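Visitor: Please take a close look at one part of this chain for me. I would like to see how that part sits in the whole.

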Amino acid sequence: MKVAPENKDEVSSVSSKIPVEITREQLSQIPVNAKVIPIGKEKGEKPGGVRYMVLILTMTCLSFMMSNVICFNFTVLCMPGTGESSELSENKTHYIGYNRKEKTWLFSVVAVGAMFGLFPVIIGISTYGIRKVFFAAGMLTSVTTFLVPIMAPIDFNLFLLLRFLQGIAYAACMPAVGAITSSWASMTQQGLFIAALTTFGQLSSVFSMPVAGELCVSPFGWKSVYFLHAFISIIVFLMWFAVFTDSPKDNRFVRTMELVEIQKGKSNAATAQVHEQEPTPYLEILTTPSIWGVWIGALGDLIAVQLIHIYSPVYLHDIGGYSVEKTGFAAAVPVLFQFLMKMFAGHSSDRITGISETTKLRIYNSIALGASAVFLVALGFVKEGQGMAGLILMTLATAMFGFNGGGFTKCAALVSRQYSHFVMANVQFLLCLSMLLCPLLVSYLLRNGTIAEWRLVFFVHAGILVVCNFIFCFLATAKPAPWTDRTLKPSASRNTPLYTLKA
């Protein structure tokens, strides 16, 4: 194959493009903007789309792992409490269900499980690779989801244990996003991959909320929600395991041209296999200001997103006046628009030229957090019974979060490169923390479920968004950190770790 620079400035002394023959070992030397021309046996070969198959399968797996967790967010409206009779009659038209304390435990224990599972996941990925770790997590979430409708009516503690195990499996989500983006996305598709792979929160709600709403009022009942999710989860994880490899180099479906497209412009360290990589520089990562900007931006975003994911069915049902069946569809509308916006943002952030990458990160993150804060404030002034107005404002607020695909999540990938699984693992920790903090915060503010209390909930979350976005914009950069490649020199103080390993 041949490589020719597209930038005329790079070959100003030459009137025409000069082809250069390369080997696979020289892929890291290819500039990102170079044009690859196949020769010899590779002439006529198309790049192929295995990376897109990996992207779609991973998106599906992540979505169902999340769906298995949020099933309870909806079925809590239509399932009996532990020990409560499942029979309904003319005198008993609905279940008493779980009390507020039990609901808080069932919501929060998933986050606790994910926190416990995070460290084993990080070590597992560094030792065995993402393929084995993520597949094991997929099997765990499938089995525990299948057992929920069997164990929940029998014993509350068993139900808590299953939710805890779902959380342990869920801990693999964000590390998988980081690892797969680092190894399978080309340098010109970082935004697309990171945005697409972080849509699992939206896709899970778009599928689970309407399906749960329909099944809850159907003859199949609430138990069928869990059985269906468990069955689909097993199928998609088996498909993913059959196609995915930790490195595109080892994938029998990947053609040479596609491998070149994926790896051009990446350093040798970034494309090394699991057993060839240098030990993760944990202290250097933990002391890099730009990484802290990513984490603070993520914390603000995730706390507000959890508010929508966990409490949108409750708000639309209690304040908006939607029925149980309509609540499922109504709750899916905001996250559907967020998914579409996230895909647009991820793709457009890769394509827009004329402004620096760092400036784009700040603009996209400000739209994601700042615009959402404005709509949350407006949502606080919606009156009881104005279901459509509440749904529209909730949809706008949620859709704006989609721009984080070109904000802090893309910043994490650009700065940390081959170590993005660790940076995203800490985003996973913050996600778990937000899952824990949001129910506690809302439970504290929302004692009686009045309009005034809902207004306070929205105002507090809007304030958190504004503060976190300001800190991110101050610390953000798009340049790789020096610990990703020891030949790089620090470009700015915000990208320079306070602690540096000595050679």
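**A close look at one helix**

Guide: Buried residues account for 56% of this chain of 503 residues. The model is a predicted one. Its secondary structure comes to 18 helices and three strands. Take contacts between residues at least 6 apart in sequence: 80% of them join residues at least 24 apart. The chain exposes about 21,100 Å², and carbon and sulfur atoms supply 65% of that area.

Now to helix H14. H14 covers residues 357-379, which is 23 residues. From first C-alpha to last, H14 reaches 33 Å. That is close to the 33 Å expected at 1.5 Å a residue. H14 also has a kink of about 25 degrees, centred on Ile367.

Next, the buried residues of H14. Among them are Leu361, Ala368, Leu369, Ala373, Leu376 and Leu379. Thr358, Lys360, Tyr364, Asn365 and Ser372 of H14 are buried as well.

Gln338 lies in helix H13, residues 324-351. Gln338 has a relative accessible area of 1%, so Gln338 counts as buried, the cut-off being under 20%. What does Gln338 touch, not counting residues up to four places away in sequence? Its contacts are Gln202, Val305, His309, Thr398, Ala399, Phe401 and Gly402.

In short, H14 carries a kink centred on Ile367, and its buried residues include Lys360 and Asn365. In H13, Gln338 is buried and touches residues including Gln202 and Gly402.

Definitions and conventions
Residues numbered from 1 in each chain as written. Predicted model: local features only at pLDDT ≥ 70, side-chain atom pairs only at ≥ 80, totals over all residues. Heavy atoms only, no water. Helix = DSSP H or I, 4+ residues; strand = E, 2+ residues; numbered from the N terminus. Buried < 20%, exposed > 50% of the residue type's maximum accessible area, 1.4 Å probe, protein only. Contact = heavy atoms within 4.5 Å. Areas by Shrake-Rupley, 256 points an atom, 1.4 Å probe, with all protein chains shown as cover. Expected span 1.5 Å × (residues − 1). Bend = angle between axes of the 7 residues up to and from the residue.
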